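Visitor: I am new to this structure and would like to know what stands behind the words used for it. Could you show it to me and then take me through them?

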Amino acid sequence: GADVARRLINELIALYTDEQQVVDNVADALRHRCRSYFAESDRVRFKAWELVQRARDTVDAFERERLLDKALSRFVNVAEHVDVDAITDTLLQLNEYQGVVDVCLAHAARIDPTNRALMYHWSASSGGDGTAAA
């Protein structure tokens, strides 16, 4: 039940973001009234998406870069809670290649802080079966 409610709230925020609504207004209300369903990381993530949308819509190159930098900083800060496929697809469309690398590395570091995947890869590459690192 709680997971479904959390997903519904996240979809609501996504809808408001798509409709050019200000995420902060909705996020603040949800954060105060629904703390268990809408975490600070949700607010940060949706604010980052709002910044990406604003960057996509701006024609000024300097402002676009500034907005994307702010968005990337937010995505990196909550990397374990992001949809990496959606972010990387969007960043690739915006030719923001360094951002793709930064978000992916931050996400990997958060979900695998002990580098077990890298140890497995090294073990398998050196002729082992990869189970020694596990």
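Guide: Let us begin with a term: a residue is called buried under 20% relative accessible area, exposed over 50%, and partly exposed in between, with a 1.4 Å probe and protein chains only. Please keep in mind that this is a predicted model, in which local features need pLDDT of at least 70 and side-chain atom pairs count only at pLDDT 80 or more, while totals for chains, interfaces and linings use all residues. Residues are numbered from 1 along each chain as its sequence is written, and side-chain values use heavy atoms, with hydrogens and water left out.

Visitor: Why is Glu40 called partly exposed?

Guide: The relative accessibility of Glu40 is 37%, which lies between the cut-offs of 20% and 50%, and therefore Glu40 counts as partly exposed.

Visitor: What makes Glu40 and Arg43 a salt bridge?

Guide: The term requires a side-chain nitrogen of Lys or Arg within 4 Å of a carboxyl oxygen of Asp or Glu. The closest N and O atoms of Glu40 and Arg43 are 2.6 Å apart, so the pair meets that rule. Both residues lie in helix α3, three residues apart, about one turn of the helix; helices here are DSSP runs (H or I, at least four residues), as strands are (E, at least two), numbered from the N terminus. By the salt-bridge rule the count comes to five.

Visitor: How do you know that Glu50 and Lys47 are buried?

Guide: Glu50 has a relative accessible area of 9% and Lys47 one of 12%, and because both values fall under 20%, both residues are buried. Their side chains meet in a salt bridge, with 2.7 Å from N to O, and they too lie in helix α3, three residues apart.

Visitor: What makes a group of residues a nonpolar core?

Guide: The name is given to a set of buried Ala, Val, Leu, Ile, Met, Phe, Trp, Tyr and Cys residues joined through side-chain atoms within 4.5 Å. The largest such core in this protein has 18 residues, and among those with the most contacts inside it are Phe75, Leu91 and Val103. Helices α3 (40-57), α4 (61-77), α5 (84-93) and α6 (97-111) each supply at least two residues of this core. A second, separate core of five residues includes Ile9, Leu30, Phe38 and Phe46.

Visitor: How do you know that the length of α6 agrees with its number of residues?

Guide: The expected span of a helix is 1.5 Å times one less than its number of residues. For the 15 residues of α6 this gives 21 Å, and because its end C-alpha atoms are 21 Å apart, the two values agree.

Visitor: Why are the buried residues of α6 said to line one face of the helix?

Guide: In α6, Gly99, Val100, Val103, Ala106 and His107 are buried. Seen down the helix axis, the buried residues fall within an arc of 140° (taken from the directions from the axis to the C-beta atoms), so they line one face. On the other side of α6, Gln98 and Leu105 are exposed.
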